[in-house]
Amino acid sequence: MEIKQDVTVKTWDGTWTYHPKVLVTPESVEDLVEILTDEVRFPSPVRPAGSMHSTARMNGDDGGTMVDMKAMNRILHFTDDTVTVEAGVTYIVLAQALKERGLQPYVTTEIGNVTMGAMATAASKDSSFPGGFGQVSSYVTGVRLVTPNGTLRDITERDNPQEMQFIRSSYGLFGIVHEVTIRVRPTTALAVRHYSLSLDNFRNYFPIYRARGYAVMYYIFPYVKRVLVELRKDNPGVQPRSRYRWVYRNRFWRKYGPAITRWIQRNTHNRTLRVLADKLHFFLLRQALVWVVRSDRTWPHAQIINYPRSPGANKYLFSMWAFREGGFFEILEEYCNFCIAYEAKTGYRCDLPSVGYAIARDAEAVLSYSWEGATLSIDPASTGGPEWEEFLRVYNQFCSDRRGVPLFNQTPFLTRDQVRKAFGVRIQQFAARRKVADPKDRMLDSYFRELLS
Ligand SMILES: Cc1cc2nc3c(=O)[nH]c(=O)nc-3n(C[C@H](O)[C@H](O)[C@H](O)COP(=O)(O)OP(=O)(O)OC[C@H]3O[C@@H](n4cnc5c(N)ncnc54)[C@H](O)[C@@H]3O)c2cc1C
């Protein structure tokens with residue numbers, strides 16, 4: 001295994017900087033055992049890292065050990081309805097391998113860089129199909145891991161269903177996962193449509209979309225109080241053909257949206273002009289998505305995006321909170337008013353459209369954000385900066401006041417009170433279970449120490 005001392009590591013876009021004493025890249029299970037048992041060479045906390053695409057700072061403490069899992073990246077074996085992989089395989093690589101065998105993941109997230117170790121143990125999001133689970137981890141049927149004291153364990157849904165609920169929310173606190181088995185299904189063509197709606201129409205049409213079996217994702221344009229709905233539905237009657245509809249849409253997320261936004265910022269010094277340019281940009285975006293990204297037979301795999309490391313200034317940052325379906329549309333209206341009032345007070349406006357997802361109830365992971373019932377999320381997005389971070393702190397309180405539920409990996413700047421309010425007794429159960437799994441706090445970093453205390 002490769003070992004580096006006293007290095008500086010940044011998250012994918014440079015938002016967070018880490019100074020681990022040791023950065024280690026294991027290549028085998030034996031390496032993982034050595035890392036977890038040798039406390040002198042590998043100081044605590046020992047924290048696994050995947051692609052480091054989490055928007056919260058959760059990959060360890062300065063002076064500790066960071067375990068880069070990306071070298072353990074073999075696809076091990078397929079059955080008709082599962083695949084087993086090493087933890088460092090990324091979602092986009094897995095999706096491509098599945099496609100070659102006529103298979104696909106159940107949840108096709110936008111992000112392709114996320115590793116399967118993180119998919120199995122951390123929260124994930126994409127609009128849910130009726131009857132499905134909310135998160136990718138709920139499709140994980142088993143993991144192999146090395147526990148904090150260096151013991152090898154196999155944990156499966158069949159033999160340890162309750163333990164799996166904890167593993168699916170374990171965020172590298174219960175051990176380092178090195179192998180993941182996940183359910184997959186035959187490739188099915190995906191129909192996609194976009195509609196531009198007022199907030200009232202979104203509220204009126206949402207139950208109809210649900211009744212018709214659509215997975216519902218949406219872009220929110222808070223300053224003009226409009227929503228662009230993305231509806232997806234399996235279309236088993238046809239062969240998938242179209243890939244480019246997703247390619248166009250994904251280029252906006254990955255590159256052109258942030259690039260155009262920043263071009264507008266650089267070239268419009270008059271505030272009124274800038275607001276007008278933003279309005280025009282987003283109007284054209286809505287029209288383009290409605291008229292171009294529509295097809296009855298897309299490849300589901302093509303929805304997955306490769307966000308390159310070090311994207312430069314043209315980056316896409318976001319945070320996320322989920323809300324119970326009942327009462328969501330009032331909160332959505334309040335969110336738009338909140339953004340408008342925040343701009344009036346501070347001069348700051350989010351420079352990319354917010355997004356959101358309708359997520360199915362999911363009680364398979366103990367810290368699921370749709371544990372009590374189906375949720376809809378509101379995810380502000382931006383190209384970043386200190387004013388964005390300040391906005392997020394205020395937004396966190398806005399959401400907590402409305403009984404929102406955050407994601408530990410995708411909601412930065414959480415406070416302990418917000419976590420306690422959102423998860424209630426589940427956070428106590430999780431903290432108690434963690435203590436049993438890791439009595440010496442070998443894997444506990446300051447992020448979780450604070451939020452679980
Ligand atoms: C531009 C962008 C777009 C995104 N879009 C989406 C999206 O569409 N859907 C979505 O769900 N998420 C999305 N995300 C969020 C991202 O997918 C999650 O935060 C994910 O958990 C990151 O995975 P990672 O491999 O980078 O893990 P990391 O960020 O490195 O780690 C996440 C957590 O998993 C733990 N972990 C990692 N590997 C292991 C292991 N082998 N064993 C035990 N624990 C481990 C880490 O300790 C940490 O607690 C997006 C992020 C960005 C930056």
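**Before you look**

A residue here is buried if 20 or more other C-beta atoms lie within 10 Å of its own, exposed if 12 or fewer, and partly exposed in between, with C-beta atoms placed from the backbone. Residues are numbered from 1 along each chain as its sequence is written. What you have is a predicted model, where local features need pLDDT of at least 70 and side-chain atom pairs count only at pLDDT 80 or more, while totals for chains, interfaces and linings use all residues.

**Helix α9**

Let's start with α9, which covers residues 386-401 (helices are DSSP runs of H or I, at least four residues, and strands are runs of E, at least two, numbered from the N terminus). P386, R393, Q397 and D401 are exposed on the other side of α9 from its buried residues, F391, L392, Y395, N396, C399 and S400. Those buried residues fall within an arc of 165° seen down the axis of α9, so they line one face of the helix (the arc is that of the directions from the helix axis to the C-beta atoms).

And what do the buried residues of α9 pack against? They pack against β18 (321-324), α8 (328-346), β20 (375-382) and α10 (416-423), with contact meaning C-beta atoms, placed from the backbone, within 7 Å. Just after α9, R403 takes a positive phi of about 60°.

The domain assignment, automatic or from a database, gives domain 1 (2-69), domain 2 (71-187) and domain 3 (191-414). The C-alpha centres of domain 1 and domain 2 are 21 Å apart. Their contact takes 16 residues from domain 1 and 20 residues from domain 2. On the domain 1 side, α1 (29-37) and β5 (46-49) are the elements that give two or more residues, and α1 has the largest share, 5 residues.

Notes
Two residues are in contact if their C-beta atoms, placed from the backbone, lie within 7 Å. The expected span of a helix is 1.5 Å times one less than its number of residues.
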